[in-house]
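Hi there,

Here is the structure I promised to pass on to you. Have a look at it first, and then read on for what turned up in it.

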Amino acid sequence: MFLSVFDLFKIGIGPSSSHTMGPMLAAARFLDALRSGAERVPGSGAPAALACRLHGSLAFTGRGHATDRAVVLGLAGFRPDTLDPDRAEQALARIAASGRIAPPGLPEMAFDPARDIHFDYGPPLPLHPNGMVLAARDAAGNAVLEETYYSVGGGFVVTAREFGREDPAAQPDLPHPFTDAAGLLSIAERTGLSIAAIQRANEVAARGAPEAGLDRIWAVMSACIDRGLAADGELPGGLKVRRRAGAIHRKLLAERGSNLAPPHAGNDWLSAYAMAVNEENAAGGQVVTAPTNGAAGVVPAVIRYWLDHVPGASRRGVRDFLLTAAAIGGIIKRNASISGAEVGCQGEVGSAAAMAAAGFCAVMGGSPAQVENAAEIALEHHLGMTCDPVRGLVQIPCIERNGMGAIKAVAAASLALRGDGRHAVPLDVCIETMRQTGQDMDHRYKETSLGGLAVNLPEC
Ligand code: SF4
């Protein structure tokens, strides 16, 4: 399966790509299926009522991740990439008050979110920890359409029928197909192309020239950093977590150029940028998956750090950064996972750090072998990292963790640039190790909030 840079970097809303964006997109797909009528139960009447059942991690941490809210908005016709927050709030209030919903192109139906969204705390659905079932019934109570969706991380959604299946007919004809890092490196060696150029050529064949879209992705990422740095106050959700990125940034600005700035201040700049994004994400603001919402701060932080603190950086180089990062993220998603519910946080912040390390190494002049080395170092030192968000909110440990991921990404790229690309652990071996580690990880540490910090941190 070809994974485009725009599959890995998607504009959406916080706080979670798998628990907010995915369920909203699943609801949109369900509406499309209802409108088309092709899969409706023969003999059923017009849809008159909707219901949703959330399973596994979507049930356990769904309230903290605003999954129920996302389902309501998706069923009301909203999409993450175009959502107008004011209109969304009005629609939520109207649906809660009336118990009815009127999606575009469909009749008004009964739907009371408090009654018709069910959190099922039993065993998860068989194919993935993030499962949900959407159902429509007619006025006589007969089933009109029922569909099971899996939100598999990073805002990707598949039905039960599509799960794990690749449709060869739907695959574009690519000039440089690759499925793993070894394949990518051999293309680079054979053609003399950079990893960014290889990914770009595939993008052109699959979707057309990516430049305008890449510039838009960076504009949204950059605006998200700026909004996060300008904001203060408490984040929603009841944990009383205060925004810190803005205050850190103001101190860094005051120290800049003076002898008050410590030699390691670069780490603080990276943390401030990353935390700004993840504080925006926790507040439900607009972010770009990179490759998920929970890990959305790492890649933008390293790009901003490069642009603002490294001589010779250029806006045009951001495109190569994103393309390189996407090539690495695609390999990880294909061969392991980017879902915290599937493999823990090593799959989210670990993958983001690998992508950022690769992008940073590339724009700093690294060879393809050094880029692969940078990604491997960053991922290797996230192996085993669990996902244990306190109260199911994407705040503790997620916000600070993105700062740490960005710091590790820069350190990994720097180490790789000091070598010649030869190293002991190939990236493909590291990715497979992450997959196996995730498989062995107890479910309490995979976005269920049943273990780790989620149970040991005293209630505030
Ligand atoms: S701990 Fe990591 S994987 Fe889990 S929600 Fe937070 S950022 Fe995502």
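A word on domains before anything else: their bounds come from an automatic or database domain assignment. The model is a predicted one, in which local features need pLDDT of at least 70 and side-chain atom pairs count only at pLDDT 80 or more, while totals for chains, interfaces and linings use all residues. Residues are numbered from 1 along each chain as its sequence is written, and side-chain values use heavy atoms, with hydrogens and water left out.

On a 1 Å grid over the protein atoms alone, a cavity is a set of points where a 1.4 Å probe fits but cannot get out; a pocket is an open set with protein on both sides within 12 Å along at least five of seven lines, and lining residues have an atom within 4 Å of a point. Grid points are joined across faces, edges and corners, and a volume is the space filled by probe spheres set on the points.

There is one cavity of 30 Å³ or more, and the volume of the largest cavity is about 180 Å³. Its lining has 21 residues, with G294, E348, C387, V394 and C398 nearest the centre. Domain 1 (16-159) and domain 2 (175-456) both contribute to this lining, so the largest cavity lies between them. Helices and strands here are DSSP runs (H or I, at least four residues, for helices; E, at least two, for strands), numbered from the N terminus. Helix α17 gives the most to the lining of the largest cavity, three residues. By class, that lining has nine nonpolar, eight polar and four charged residues; Ala, Val, Leu, Ile, Met, Phe, Trp, Tyr, Cys and Pro count as nonpolar, Asp, Glu, Lys and Arg as charged, and the others, Gly among them, as polar.

Now the pockets. The largest pocket holds about 1,000 Å³ of space. It is lined by 32 residues, and M1, V158, E162, R165 and K333 lie nearest its centre. Both domain 1 (16-159) and domain 2 (175-456) give residues to this lining, so the largest pocket lies between them. Strand β8 gives the most, with three residues.

The second largest pocket has a volume of about 430 Å³ and 25 lining residues, of which G14, R69, A283, G284 and G285 are nearest its centre. Helix α4 gives the most to this lining, with three residues.

Helix α4 (residues 67-75) is also where you will find L73. Is L73 buried or exposed? At 1% relative accessibility, L73 counts as buried (buried means under 20% relative accessible area, exposed over 50%, partly exposed in between, with a 1.4 Å probe and protein chains only). Leaving out residues up to four places away in sequence, L73 touches M24, F78, L83, A88 and L92 (contact means heavy atoms within 4.5 Å).

Lastly, the whole structure has four aromatic pairs. Rings of Phe, Tyr and Trp (its six-membered ring) pair if their centres lie within 6.5 Å; planes under 30 degrees apart count as stacked, over 60 as edge-to-face and the rest as tilted. One of the pairs is W269 and Y273, with centres 6.0 Å apart and planes at 45°, so this pair is tilted. Both residues lie in helix α11 (residues 265-282), four residues apart, and both are buried. Y305 and F360 form another tilted pair, 6.4 Å centre to centre with 55° between the planes.

Enjoy exploring!
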